[in-house]
Amino acid sequence: MEQLYETLSAIPVADQTFWQNFFLKFYRAWFYQDRWLSYFEGLLTTIEVTAAALAIGVALGVVVAIVRTAYDQRRPGTHNPLLAFVNFIFKIYVTVIRGTPMMVQLMIMGFVIFASSREYTLVGALTLGINSGAYVSEIIRGGLMSLDPGQAEAGRSLGLSYIQTMWHIVIPQAFKAILPALGNEFIVLLKDTSLISVISGKEMVYYARAIVSRTYEAMFPYIITAVMYLIMVMGFSYLQSILERRLRASDRR
Amino acid sequence: MIDVKGLTKAFGDNLVLKGIDEHIYPGEKVVVIGPSGGGKSTFLRCLNLLETPTSGAITFKGTDITDPKSDINKHRQKMGMVFQHFNLFPHMTILRNMTLAPMKLLHKSKSEAEEKAIQLLERVGLADRAGSYPSQLSGGQKQRVAIVRALCMEPEVMLFDEPTSALDPEMVGEVLDVMKSLANDGMTMVVVTHEMGFAKEVGDRILFMDGGVIAERNTPEAFFDHPQTERAQNFLAKVLM
């Protein structure tokens, strides 16, 4: 293949057939100087950033959702100043994060708050996690609020504690209900990692752009990147559908 | 067994219970009837603190359970509750619905809890449905399961909150039969219901609630034949054609 490349690249561009030209461009975008390795290096970073952001996002989301649900479903007439204060802070957090673009948040984190940091990828993961937490918290809150209060009452009336009722009765049902929305959020998160290239996070788009800047040929690096994202998302969607099918066991009639 | 003193409950500005004093004795079957919005369900739900009373005291077996220092979870284990809408856990099998609380709270082993559950299911004729999920059962079957789920905790008193109101008419009988057999076993029961036949047959005492107070207490015979208060007379005139 390398020989074919040498032979073809000797032909002047004007004399190349369509397929010869196609081959040359693809070769330069993928095989030349083992460039395909850098896509996979970027892919690895993408996966790492997604995993880190997911962990931060879910942890934040669960805490925010539980506090906000506890506040919304508090018994009328009772007042807990600490709960009210924390709820207020979390409400601001969700409002600010949902109200500003992801890209702007990245730039503020990368160029203002952590301007002196060289850990671009880490800052990117942190920003994505904080961003994701706001959305995840709303998804979880929706799941907790949608459940019939009778379920929790039945658990409590048997003598189960609040925690036991949440753990055995409320959360499993809420989780099943929110799984499609959570999967959606995960896919958005995975794709949003491409944005950290604006603060020099070394993920797939970062390397694709580096190759473009060397070959002056944009089509293949970006299409390759797109295909790699697509394959990942399709693989994940498949796993999600398997999980949903297993959780649906109790719906059969 | 349960002593209620000066119980009031307000939702915001809406005073639903306006001072209830009542005593429920061991083995007694108390039937609470009355028009909608009269406070029947709220009264029942206050007995196991699913609603927190605004004021007043509820003493269960000598302990004031409205005292924040008392462990309400412990007391609720001894007070079974059956809801209008069954509230079975849809993500668990019937057997798991019944064994969850005994295993977590009474620290029974899985086999012990399941043995007891199957025994109770046999009693209500549903042993063959142990592995089913609630969505596979009819309303009457669900409510029978809900009753035996509460019985798995071996409660000393059973609270029924309109257990047959959400059922198709042909399924009311099977649920009432289970309740009657429970009554015959000597269980202490507080039943909120619109089933006048059941009230007459099983009740030891009728509490007629209207406007947030117990407007009349009477024996079933006296209540249905010669109601003392005008409100009860009006109510019965509408209910018993």
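## Ground rules

Residues count from 1 along each chain as its sequence is written, while chains are lettered from A and ligands numbered from 1 in the order in which they are written. In this predicted model local features need pLDDT of at least 70, side-chain atom pairs count only at pLDDT 80 or more, and totals for chains, interfaces and linings use all residues, with side-chain values based on heavy atoms, leaving out hydrogens and water.

## Chain B as a whole

Chain B holds nine helices and 10 strands. Both are DSSP runs numbered from the N terminus: helices are H or I with at least four residues, strands are E with at least two. The radius of gyration of chain B is 18 Å, close to the 18 Å that the globule rule gives for 241 residues, so chain B is as compact as a globular protein of that length. That radius is taken over C-alpha atoms, and the rule is 2.2 Å times the number of residues to the power 0.38. The C-alpha trace spans about 55 × 45 × 30 Å along its principal axes.

Of the 241 residues of chain B, 56% are buried. Buried means under 20% relative accessible area, exposed over 50%, and partly exposed in between (1.4 Å probe, protein chains only). Take contacts in chain B between residues at least 6 apart in sequence: 65% of them join residues at least 24 apart. A contact means heavy atoms within 4.5 Å.

Strands of a sheet pair through backbone hydrogen bonds, either parallel or antiparallel. One open sheet of chain B has four strands in the order 2-1-4-5, with antiparallel pairing. Its edge strands are strand 2 (14–24) and strand 5 (63–64), each pairing on one side only. Two strands pair if DSSP finds at least two bridges between them.

Strand 1 (residues 2–11) of chain B is joined to strand 2 by eight bridges. Ile2(B) stands opposite Ile24(B) in strand 2. Helix 1 (residues 40–47) of chain B lies across strands 1, 2 and 4 (55–60), running at about 120° to strand 1. Axes are lines fitted to C-alpha atoms, for helices over the stretch in contact, and angles run from 0 to 180 degrees between N-to-C directions.

## The six-stranded sheet

A further open sheet of chain B has six strands in the order 6-7-8-3-9-10, and its pairing is mixed. Strand 6 (79–82) and strand 10 (213–218) are the edges. The twist averages 20° from one strand to the next.

Five bridges join strand 9 (residues 205–210) to strand 10, and the two run antiparallel. Met209(B) has Ile214(B) as its bridge partner. Helix 9 (residues 230–239) lies across strands 3, 9 and 10, at about 95° to strand 9.

## Two nonpolar cores

A nonpolar core is a set of buried Ala, Val, Leu, Ile, Met, Phe, Trp, Tyr and Cys residues joined through side-chain atoms within 4.5 Å. The largest has 39 residues, and Ile2(B), Leu7(B), Ile20(B), Phe43(B) and Leu47(B) have the most contacts inside it. Helix 1 of chain B gives the most to this core, with four residues. A second, separate core of 36 residues includes Met98(B) and Leu167(B).

## A residue in chain A

Lys91(A) sits in helix 4 (residues 81–99) of chain A. Lys91(A) is partly exposed, with a relative accessible area of 44%.
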